[in-house]
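Work through the exercises below with the sequence and the structure at hand. Each task is followed by a solution in steps.

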Amino acid sequence: MLAVIFISMPSACKKDVTAGAPEITSVRNYAASPADTLVNTITTGQRVVLIGHNLKDAVQISFNGVPASINSVLFSDTSATVQVPAVIPFPSVPAETLNTIRYVTRQGTTTFSFSIAAPPPSITAISNENANEGDSVYISGLNLFFIKQLTFAGTAITHYAESGDGTSVGFILPALAQAGPVVITTKSGTATTPFNVNDDKTGVLCNFDNVNTFSWGTSTDNSSITYPGNRGYYAVLKNDVLPAGDGTWWGFGRSINTGDVKWVPTDSLGVAVGDYAIKFEINVRTAWSGTSIYVVKGLSFDYLARYEPWQGTDGTVAPFTTKGWRTVTIPLSLFRTNDGKGTAAASLTTLLGATATGAVNIQTKNFSGSPSASGLQAAIDNIRVVKIK
């Protein structure tokens, strides 16, 4: 038995050292044939196959110094399927790390020089689409770096600050002369909003001034002291701490109810539900962490959309306030059954009816089984439905 053990030991040791350091020879696009071709450049979020030798048992793979998620099931000695990280802070990547793939296994490390390009920019949100001259405005998105040109409603923005990870750019708004989209051009491409900013006409259903369809509900005000930074009248939603399940929205201060308005053009009812969104500006001066704001068409509660910015996706609660006025965007696909938590309407016709006409009702409720954590004091203005895709 001892002889057998001693005979087998050299063989086992020899097997442990047969695998060498990793080597990458090429990169292939991860897609069904014929799209699975060799590539010369990759970009963030792209799924690729690294081709080479000794690639099994990777412990780290980095693109431009940013680690990627590893799934060893997708690795073999000659290939490794991996997704390039979705966010790479290109401006802050050290020169020696730029355009590199670093591959680490238990047997060694290799660094492969390869072109990793920043993808075109995208715009996901604008802090205040109807800001005034001198206000701070923030544009959120992806790949907002290496900016060559930025315009806001047709006016060039020449001084701005980019975040290091390319997810936002901020500036002080100059005087504007017209309505228009936001356009950002970078070294990698151009992003343009499908809607206008500084626009008091397109899709506006109620602004309490020149488009005033307000019918009944809460009070309106135009005080620049209570909620400064606005352009005219606005409505004020307010309630104290609410008992469990309290939905008496008809109480004073708890609803904004317009007359009948046309939500979308009739000839647009065939587009996808999520192509349109209801928007408004909101100003919350005191901490808000309990009452829910919801929106319904008419007094039909088959579909409603809830706005609860204090509610985290993981169930945590964080008191919410705004610094001045902020734009709220609720895609119509978020109008859902079961108190806003069920399924979306199958079509715009299902949601809005054959004529897409009815009142806009913005109301408050405590949907929880215990008293709300706070009351609510919020001003709302510029209610509109616009195309976002």
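A cavity here is a set of points, on a 1 Å grid over the protein atoms alone, where a 1.4 Å probe fits but cannot get out, and its lining residues have an atom within 4 Å of a point. The model is predicted: local features need pLDDT of at least 70, side-chain atom pairs count only at pLDDT 80 or more, and totals for chains, interfaces and linings use all residues. Residues are numbered from 1 along each chain as its sequence is written, and side-chain values use heavy atoms, with hydrogens and water left out.

**Exercise 1. The cavity**

Task: find which residues line the largest cavity, and sort the lining into nonpolar, polar and charged.

Solution. Step one is the count: the structure holds 1 cavity of 30 Å³ or more. The volume of the largest cavity is about 40 Å³, a volume being the space filled by probe spheres set on the points, with grid points joined across faces, edges and corners. Step two is the lining, made up of Asn128, Asn130, Asn132, Gly229, Asn230, Arg231, Trp325 and Asn382. Step three is the sorting. Ala, Val, Leu, Ile, Met, Phe, Trp, Tyr, Cys and Pro count as nonpolar, Asp, Glu, Lys and Arg as charged, and the others, Gly among them, as polar. The lining then divides into 1 nonpolar, 6 polar and 1 charged. Step four places the lining: domain 2 (122-197) and domain 3 (204-387) each supply at least three residues, with domain bounds from an automatic or database domain assignment.

**Exercise 2. An open sheet**

Task: state in what order the 4 strands of the open sheet lie, and which strands stand at the edges.

Solution. Strands (E, at least two residues) and helices (H or I, at least four) are DSSP runs, numbered from the N terminus. Two strands pair if DSSP finds at least two bridges between them. The order is E5-E4-E7-E8, with antiparallel pairing. Strands E5 (66-67) and E8 (108-113) each have a single partner strand, so one side of each is left without a neighbour in the sheet. Between them, E4 (residues 58-63) is joined to E7 (residues 100-105) by 5 bridges, and glutamine 60 of the pair stands opposite valine 104 in E7.

**Exercise 3. Strand E11**

Task: name the partners of strand E11 and the residues on its covered face.

Solution. E10 (residues 122-126) runs antiparallel to E11 and is joined to it by 4 bridges; isoleucine 123 has glycine 141 as its bridge partner. E11 is also joined to E15 (residues 168-172), again antiparallel, by 5 bridges, and here isoleucine 139 is partnered by valine 169. The covered face of E11 (residues 136-142) carries Val137, Ile139 and Gly141, while Ser136, Tyr138, Ser140 and Leu142 are on the uncovered one.

**Exercise 4. Backbone exceptions**

Task: locate the cis peptide bond and say where asparagine 54 and asparagine 338 are found.

Solution. Most residues other than glycine have a negative phi, and most peptide bonds are trans. The bond from serine 33 to proline 34 is cis, with omega near 10°; proline 34 lies in the loop between E1 (23-29) and E2 (41-43). Asparagine 54 has a positive phi, near 60°, and sits in the loop between E3 (47-53) and E4. For asparagine 338 phi is near 55°, and the residue belongs to helix H2 (residues 337-340). As for accessibility, buried means under 20% relative accessible area, exposed over 50%, and partly exposed in between (1.4 Å probe, protein chains only). Asparagine 54, at 27%, is therefore partly exposed, and asparagine 338, at 58%, is exposed.

Methods:
1 Å grid on protein atoms, 1.4 Å probe; cavity = no way out; pocket = protein on both sides within 12 Å on 5 of 7 lines; lining within 4 Å.
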